[in-house]
Amino acid sequence: MGKFKKIALSLGLMTISVQAFSHGDHAHGKPLTQKEQQAADGVFADHDVQDRTLSNWEGVWQSVYPLLLNGDLDPVLRKKVEKDNSKTFAQIKEYYRKGYATNVDTIGIENGVMEFHIGDQSSSCHYAYDGHKILTYASGKKGVRYLFSCQDAASHAPKYVQFSDHIIGPRQSSHFHIFMGNTSQEALLKEMDNWPTYYPWQMQKAEVVDEMLHH
C-alpha cells in the first residue's frame with residue numbers, strides 16, 4: 001500500500017485509491033458489444049470513432065516492462081508463438097522488449113492531470129485534448145490514438161501523449177499503450193515500435209499475466 005498511497009497523495013487525491021480499488025476484479029465495466037469487440041480486434045468504421053476525455057484513463061497504472069524483463073510474461077509470449085509460429089519465442093520476446101521499453105514505472109491520472117514516476121522522481125502536467133487519429137497498420141487492421149498535450153511549458157512531463165487501448169469511444173480503459181514525446185503529435189504518430197503498456201497499479205503480477213492470457 002505504501003507506494004500506492006504515496007502516488008495517490010502526491011497527486012493530491014485519495015479518490016484515486018478508492019476508485020482504483022472499487023474496480024473490484026480489475027473490472028472492465030459492462031461487457032463489450034459485438035461492435036466494440038470488433039473494434040478491439042482492429043476492425044471498425046471510421047464514423048464509429050468517438051472523442052474521449054482523459055477521465056477514461058483515470059487511475060494509477062503500472063508498467064508491464066519489468067514483468068517482461070524478469071520472465072513473468074513468458075507464458076503469454078509462448079501462447080503467442082503457439083498461435084503464430086512464424087516467429088520464434090526469442091523473436092517475439094525481442095519485439096515486446098522494444099515495445100514495452102520505458103523508464104516510467106507508474107502513471108497517475110486524475111482531473112486532467114497526469115503524473116509520471118521514474119524511480120523516486122516525478123513530474124506532472126495538466127493535459128488538454130488534441131483530438132484523435134485513426135491509423136491503418138501494415139496488417140490492414142486499424143487503431144485509434146487519443147492525443148493530449150501538456151499545458152504547462154515549465155513542466156518536465158512529456159509535452160505530448162497519445163493513448164491506444166483498442167477502444168474507439170467513451171469507455172473506461174482496462175489497460176493501455178501510451179506514446180510519449182516532446183517533439184510533436186505528428187512525430188509521435190509515426191512511432192510504431194515502442195508502446196509502453198500499463199495495467200492497473202493494484203493488479204498483482206499473476207493477475208496481469210492471467211489477463212493477458214485470457215483477454
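Is asparagine 182 buried, exposed or partly exposed? At 49% relative accessibility, asparagine 182 counts as partly exposed, where buried means under 20% relative accessible area, exposed means over 50%, and partly exposed is what lies in between (1.4 Å probe, protein chains only).

This is a predicted model, in which local features need pLDDT of at least 70 and side-chain atom pairs count only at pLDDT 80 or more, whereas totals for chains, interfaces and linings use all residues. Residues are numbered from 1 along each chain as its sequence is written, and side-chain values use heavy atoms, with hydrogens and water left out.

**The chain as a whole**

The secondary structure of the chain comes to 8 helices and 8 strands; helices (H or I, at least four residues) and strands (E, at least two) are DSSP runs, numbered from the N terminus. Of the 215 residues in the chain, 46% are buried. Taking contact to mean heavy atoms within 4.5 Å, 59% of the contacts between residues at least 6 apart in sequence join residues at least 24 apart.

**The disulfide**

A search of the whole structure finds 1 disulfide, a disulfide being a pair of cysteine sulfur atoms within 2.5 Å. Cysteine 125 and cysteine 150 are the residues joined, with an S to S distance of 2.0 Å. Cysteine 125 belongs to strand 4 (residues 121–136) and cysteine 150 to strand 5 (residues 142–150), so the pair ties together parts that are 25 residues apart in sequence. The torsion about the S-S bond is about 85°, so the disulfide is right-handed. Both cysteine 125 and cysteine 150 are buried.

**Helix 5 and helix 8**

Two packed helices are described by the angle between their axes and the distance between the axes. Helix 5 (residues 74–83) and helix 8 (residues 205–214) pack at an angle of about 10°, with their axes 9 Å apart. Here the axes are lines fitted to C-alpha atoms, for helices over the stretch in contact, and angles run from 0 to 180 degrees between N-to-C directions. Helix 5 and helix 8 are therefore roughly parallel to each other, a description that applies to angles under 35 degrees, while those over 145 count as roughly antiparallel, 65 to 115 as roughly perpendicular and the rest as oblique. Helix 5 contributes Pro75, Val76 and Lys79 to the contact, and helix 8 contributes Val209, Met212 and Leu213. By class, this contact has 5 nonpolar, no polar and 1 charged residues; Ala, Val, Leu, Ile, Met, Phe, Trp, Tyr, Cys and Pro count as nonpolar, Asp, Glu, Lys and Arg as charged, and the others, Gly among them, as polar.

Within helix 5, the residues Asp74, Val76, Leu77 and Val81 are buried. Seen down the axis of helix 5, its buried residues fall within an arc of 160°, so they line one face of the helix; the arc is that of the directions from the helix axis to the C-beta atoms. Glu82 and Lys83 are exposed on the face turned away from the buried side of helix 5. The buried residues of helix 5 pack against helix 4 (65–69), helix 6 (89–100) and helix 8.

Within helix 8, Val208, Val209, Glu211 and Met212 are buried. These residues cover an arc of only 160° around the axis, which puts them on the same side of helix 8, and on the other side Ala206 and His214 are exposed. The buried residues of helix 8 pack against strand 1 (59–63), helix 4, helix 5, helix 6 and strand 8 (197–200).

**Loop residues**

| Residue | Relative accessible area | Class |
|---|---|---|
| Asparagine 111 | 59% | exposed |
| Histidine 166 | 36% | partly exposed |
| Asparagine 182 | 49% | partly exposed |
| Methionine 192 | 38% | partly exposed |

Asparagine 111, in the loop between strand 2 (106–110) and strand 3 (113–118), has a positive phi of about 50° although it is not a glycine. Histidine 166, in the loop between strand 6 (160–164) and strand 7, likewise has a positive phi, near 65°, in a residue other than glycine.

Asparagine 182 lies in the loop between strand 7 (176–181) and helix 7 (185–189).
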